[in-house]
Structures are given as structure tokens and as C-alpha cells.
Amino acid sequence: MELSALPFDDGAPLKGSARSRSCGSVIELSLASDEHGAITAIGIRPHACAIGQAAAAIFANAAPGMGGQAISQARVAIAAWLSGEGDIPQWPEMQLLEQARSYPARHGAILLAWDAALEALG
């Protein structure tokens, strides 16, 4: 439900999308950033499963103020955690996705927002 408060902005200067190969879920992001590359506004167009949408909401709650490097580092840490090769990442609310770790077919959906943001931020 949180995503309804973040409508996709067709006029935003930065846009990115990502698709999960395993389930077909898609997340599209519209972003704005400041002169330092930090995210200042987020819009989301979700065409994703419930887990993908939940992960997108978790992303959107903490991403403002972060730049590409922080997003990239978080994405690496989340992927490692999902595969059992790392501790829970230091991303707010990530513990809410703990139960999804046992469903590898949904791991791609969890990473969609981070992937779309990295595409948008170039």
C-alpha cells in the first residue's frame, strides 16, 4: 500500500527499470537527484509480486539521500545475504524480508528496486 504514495513521474530526469528473470516481476523507478547524485525524489510503477512490491517499499523508505555508490553496495550486500553468504544488510526494515530468503525464485524480485535505481543513476 505504501507504493501508492509514490506515483511514477514521467517527467522525472532519471528513470530505470528492472525485470526478474525468475518470476517476470517488473519495477520501474522515476528518480530525481541533487547536485551530488543523492536521490531526492522517488516514484514507483510496480508490476511485481507481493514480495517485489514489499522490497520496493523498503527501498523507497530508505533510499532518499543515498547516491549510486551506496545503492550499489547495498545491492551487493542484499544479494549475498539472500544467497546465504552474508549477514543481514544494514538497510532499514530488511528483516521484514527474512522469510523470503527461503524462496530463491523470489530473490530477483527482492533486488528489483536496487537494480532499477542503479540503471537510473547510471
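**Close-up views of a predicted model**

**View 1. Ser-4, ahead of the strands.** Ser-4 is exposed, with a relative accessible area of 63%. Here exposed means over 50% relative accessible area, buried means under 20%, and partly exposed lies in between (1.4 Å probe, protein chains only). Ser-4 sits in the segment before S1. Residues are numbered from 1 along each chain as its sequence is written, and side-chain values use heavy atoms, leaving out hydrogens and water.

**View 2. The whole chain, for orientation.** The protein has 3 helices and 3 strands. Both are DSSP runs numbered from the N terminus: helices are H or I with at least four residues, strands are E with at least two. Along the sequence the pattern is β-β-β-α-α-α. The radius of gyration is 13 Å, close to the 14 Å that the globule rule gives for 122 residues, so the protein is as compact as a globular protein of that length. That radius is taken over C-alpha atoms, and the rule is 2.2 Å times the number of residues to the power 0.38. The C-alpha atoms fill a box of roughly 40 × 25 × 25 Å along the principal axes. Of the 122 residues, 40% count as buried. Contact means heavy atoms within 4.5 Å. Among contacts between residues at least 6 apart in sequence, 55% join residues at least 24 apart.

**View 3. Ser-25, between two strands.** Ser-25 belongs to the loop between S1 and S2. With a relative accessible area of 5%, Ser-25 is buried. A polar atom of its side chain lies 3.0 Å from the backbone nitrogen of Cys-49. A polar contact is a pair of N or O atoms within 3.5 Å; within protein, one must be able to donate a hydrogen and the other to accept it, and residues adjacent in sequence count only if both atoms are side-chain atoms. Not counting residues up to four places away in sequence, Ser-25 touches several residues, among them Arg-19, His-47, Ala-109 and Leu-112.

**View 4. Helix H1 and its cover.** The 13 residues of H1 should span 18 Å at 1.5 Å a residue; the end C-alpha atoms are 19 Å apart, which agrees. The expected span is 1.5 Å times one less than the number of residues. Buried residues in H1 include Gly-52, Ala-55, Ile-58 and Phe-59. Their cover includes S2, S3, H2 and H3.

**View 5. Helix H3 and its kink.** H3 covers residues 107-121, and its 15 residues should span 21 Å at 1.5 Å a residue; the end C-alpha atoms are 22 Å apart, which agrees. A kink of about 40 degrees is centred on Ala-113. The bend at a residue is the angle between axes fitted to the seven residues ending there and the seven starting there. Buried residues of H3 include Ile-110, Leu-111, Ala-113 and Ala-120. The buried residues of H3 pack against S1 (14-19), S2 (26-33), H1 (50-62) and H2 (68-82). After H3 comes Gly-122, with a positive phi near 65 degrees.

**View 6. His-107, in helix H3.** His-107 lies in H3. At 13% relative accessibility, His-107 counts as buried. A polar atom of its side chain lies 2.9 Å from the backbone oxygen of Arg-101. Leaving aside neighbours within four places in sequence, His-107 is in contact with Leu-82, Ala-100 and Arg-101.

**View 7. Trp-114 and the largest nonpolar core.** A nonpolar core is a set of buried Ala, Val, Leu, Ile, Met, Phe, Trp, Tyr and Cys residues joined through side-chain atoms within 4.5 Å. The largest one holds 36 residues, of which Leu-29, Ile-42, Phe-59, Trp-91 and Trp-114 touch the most other members. S2, S3 (39-47), H1, H2 and H3 each give two or more residues to this core. H3 gives the most, with 9 residues.

View 8. Ser-72 is part of helix H2. At 31% relative accessibility, Ser-72 counts as partly exposed. Its C-alpha atom is 9.0 Å from that of Ala-117, 45 residues apart along the chain. Glu-93 lies in the loop between H2 and H3. Glu-93 is partly exposed, at 30% relative accessibility. Its phi is positive, about 70 degrees, although Glu-93 is not a glycine.

Note on methods:
Predicted model: local features only at pLDDT ≥ 70, side-chain atom pairs only at ≥ 80, totals over all residues.
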